[in-house]
Amino acid sequence: MTESSDASASDPAGFDRDAPDMRAIVGRRDLLLITLDTLRYDAAQQCYERGELPVLGPLLPPGGWERRHTPGSFTYAAHAAFFAGFLPTPARPGPHPRLFALEFEGSETTDARTCVLRGRADIVSGLRDLGYHALCLGGVGFFNQRNPLGSQFPGLFDESHWNPGFGVTAPDSTERQVALACERLRSAELRARRCFTFINVSALHQPNRHYLPGAQRDGYDSHCAALRYVDSALAPLFAVLRERGGAFAIVCSDHGTAYGEDGYHGHRLAHDTVMTVPYAHFLLDP
């Protein structure tokens with residue numbers, strides 16, 4: 001059983017009225033968290049508005065991606081916050097209730113709909129306590145399990161998978177990640193268990209020029225092309241989750257990246273192209 005913070009739940013005024021009731025969802029549905037590593041908000045929204053996301057587009061709310069601010073300017077910092085319950089924050093005045101939270105005195109962003117996980121330092125362990133099997137499909141280097149740092153986040157999960165075919169240089173990385181996720185979710189071992197599936201999608205990260213024929217360097221256009229590729233690869237995963245009875249899905253970026261705006265390149269810096277990210281959550285019904 002999950003509980004909400006009495007202090008924050010007692011005064012819900014100002015919170016988002018359309019926030020999902022995670023206390024009613026957790027334990028009754030599979031959970032999915034996909035981080036589209038390095039995806040910029042402007043690129044994501046442009047692809048949506050052009051009708052270039054036939055898989056994700058119909059699942060997004062009217063108007064497309066929600067504009068949010070990331071808690072970290074690079075993968076490690078952002079995911080450390082995500083796994084503590086701090087997903088990207090809506091880019092508008094708050095407060096905004098969080099979907100998941102860890103027990104923490106003085107929290108001002110939990111309400112009666114927040115799934116508060118007690119006695120743990122990360123939401124993965126908290127969900128495991130509630131009976132979820134935690135499955136990680138890594139992507140970028142912070143999930144490659146090749147060293148202690150690259151093993152820290154994967155080590156939170158019941159099972160974690162990474163190989164070079166999931167990494168930033170593999171042009172079919174998302175297809176490979178989705179294929180293994182589907183295999184595991186369909187397995188006899190997990191068929192009757194609730195699962196929390198996490199996928200760190202590496203395809204948007206540099207290098208991404210291979211998704212745009214003729215491109216000689218990475219840039220905004222190849223970034224968009226990478227998102228179109230990722231969208232084309234996700235349908236089998238959503239189908240499997242529907243087969244399993246449906247799921248609550250969160251799809252967001254951990255941070256963006258700069259391609260020369262104001263002289264900036266890359267990320268781990270506080271430029272708007274880095275700190276503003278796309279976000280969506282939705283139900284995948286059977």
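Start with the cavities: a search of the whole structure finds two of 30 Å³ or more. A cavity here is a set of points, on a 1 Å grid over the protein atoms alone, where a 1.4 Å probe fits but cannot get out. Grid points are joined across faces, edges and corners, and a volume is the space filled by probe spheres set on the points. This is a predicted model, where local features need pLDDT of at least 70, side-chain atom pairs count only at pLDDT 80 or more, and totals for chains, interfaces and linings use all residues. Residues are numbered from 1 along each chain as its sequence is written.

**Stop one.** Select Leu31, Leu32, Leu33, Phe82, Leu87, Phe100, Ile123, Phe196 and Ile250. They line the largest cavity (an atom within 4 Å of a point). About 70 Å³ of space lies inside the largest cavity. Its lining has nine nonpolar residues (Ala, Val, Leu, Ile, Met, Phe, Trp, Tyr, Cys or Pro), no polar and no charged ones. Now show strand β1, residues 30-36, which gives the largest share of this lining, three residues. Strands are DSSP runs of E, at least two residues, numbered from the N terminus.

**Stop two.** Select Ala19, Pro20, Met22, Pro97, Arg98, Leu99, Asp111, Arg113 and Thr114. They line the second largest cavity, with about 30 Å³ of space. Five are nonpolar, one is polar and three are charged (Asp, Glu, Lys or Arg).

**Stop three.** Show strand β2, residues 66-69. Four bridges join β2 to the antiparallel strand β12, residues 276-284; pairing takes at least two DSSP bridges. β2 also pairs with β3, residues 89-90, in the antiparallel sense over two bridges. Finish on arginine 68: this residue stands opposite valine 277 in β12 and opposite proline 90 in β3.

Definitions and conventions: Heavy atoms only, no water. 1 Å grid on protein atoms, 1.4 Å probe; cavity = no way out; pocket = protein on both sides within 12 Å on 5 of 7 lines; lining within 4 Å.
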